[in-house]
Amino acid sequence: MSPLEGDFEAGEPNGRKHRPDRAVLLAHGAGAGRNAAPLVATARALAGAGIPSLRFDFPYRTTGRRAPDRPPVLLAAVREAAAELAARTGLPPERLVLGGRSMGGRYCSLAVGDPDDPLPALGLLLLGYPLHPAGKPDSLRVEHFPRLRVPVLFVSGDRDALAGKADLEHWAATIPGPVTFHWLFGGDHGFRVPKSRGGGDPSLVMTEVAAAVLGWMASLPPCGIG
């Protein structure tokens, strides 16, 4: 596998060093790399709140390929990146929130829900979870949901063609851990909102995404509780 390429945000508000009790791993979607707007906006907001984060590229992006790697490679990359984040922050694996955009969030959830070797986590952050492939609503990606026992945040557009609101809420009910939703009014899978629904400025949507993540992060238990 290619060497890990990523951007680490130390989470030092106003330049002040402090000891964080949580950190966030942000994996990208299939068609974009670690600099996708939702990931950058989220990482910056986390840094301002004193929460470290690591955005990373999957191997296929590192080598300049367009097609995503095979599932074992994607899963191995998630585990490698989580280990890197733990090493950089000095936090144990169970204090890391894992997730990201679309495919990246999905593979983080698959690693946490692995039936044989589940990856420890404080929670899962799923930005635009792809409930099924495009045009294949019967090919559901939910087989691991009953094994997700950590808190989960879904941030999704209510017009997402890969995860209808009613369907996502229905299948998320099979997750044993506490589930939180934040719906982007008028948003599609790429978090694009038409002007007719108040979406003239994409940066406003990114701000909403980041604020939803920060609010949920604040609800997670501190060290020694839970």
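Mentor: A residue counts as exposed when its relative accessible area is over 50%, and as buried when that area is under 20%. Please keep in mind that the model before us is predicted.

Trainee: Which exposed residues does the face of H6 turned away from its buried side carry?

Mentor: That face carries Leu204, Thr207, Ala218 and Ser219.

Trainee: Which residues of H6 are buried?

Mentor: The buried residues are Val205, Met206, Val209, Ala210, Ala212, Val213, Trp216 and Met217. Viewed down the axis of H6, they fall within an arc of 155°, and therefore they line one face of the helix.

Trainee: What covers the buried residues of H6?

Mentor: The cover includes helix H1 (37–48) and several strands, among them S2 (23–27), S4 (96–101), S5 (123–127), S6 (152–157) and S7 (179–184).

Trainee: What span should helix H6 have, and how far apart are its end C-alpha atoms?

Mentor: One takes 1.5 Å a residue, so the 18 residues of H6 (residues 202–219) should span 26 Å; the end C-alpha atoms are 27 Å apart, which agrees.

Trainee: How many bridges join S6 to S7, and which residue of S7 stands opposite Val155?

Mentor: These two strands run parallel and are joined by 6 bridges. Opposite Val155 stands His182 of S7.

Trainee: What is the general idea behind a nonpolar core, and which residues of the largest one touch the most other members?

Mentor: In soluble globular proteins, nonpolar side chains tend to be buried together. Here the largest nonpolar core has 40 residues, and those touching the most other members are Leu25, Phe56, Phe58, Val78, Leu98, Leu124 and Phe154. Elements that each supply at least two residues of this core include S3 (53–57), helix H3 (71–89) and helix H4 (103–112). H3 gives the most, with 7 residues.

Trainee: With which residues is Phe58 in contact, leaving aside its neighbours within four places in sequence?

Mentor: Phe58 is in contact with Ala27, His28, Asp69, Leu74, Ala77, Val78, Met103 and Gly104.

Technical notes. Residues numbered from 1 in each chain as written. Predicted model: local features only at pLDDT ≥ 70, side-chain atom pairs only at ≥ 80, totals over all residues. Heavy atoms only, no water. Helix = DSSP H or I, 4+ residues; strand = E, 2+ residues; numbered from the N terminus. Expected span 1.5 Å × (residues − 1). Buried < 20%, exposed > 50% of the residue type's maximum accessible area, 1.4 Å probe, protein only. Arc of directions from axis to C-beta. Contact = heavy atoms within 4.5 Å. Pairing = 2+ DSSP bridges. Core = buried A, V, L, I, M, F, W, Y, C linked by side-chain atoms within 4.5 Å.
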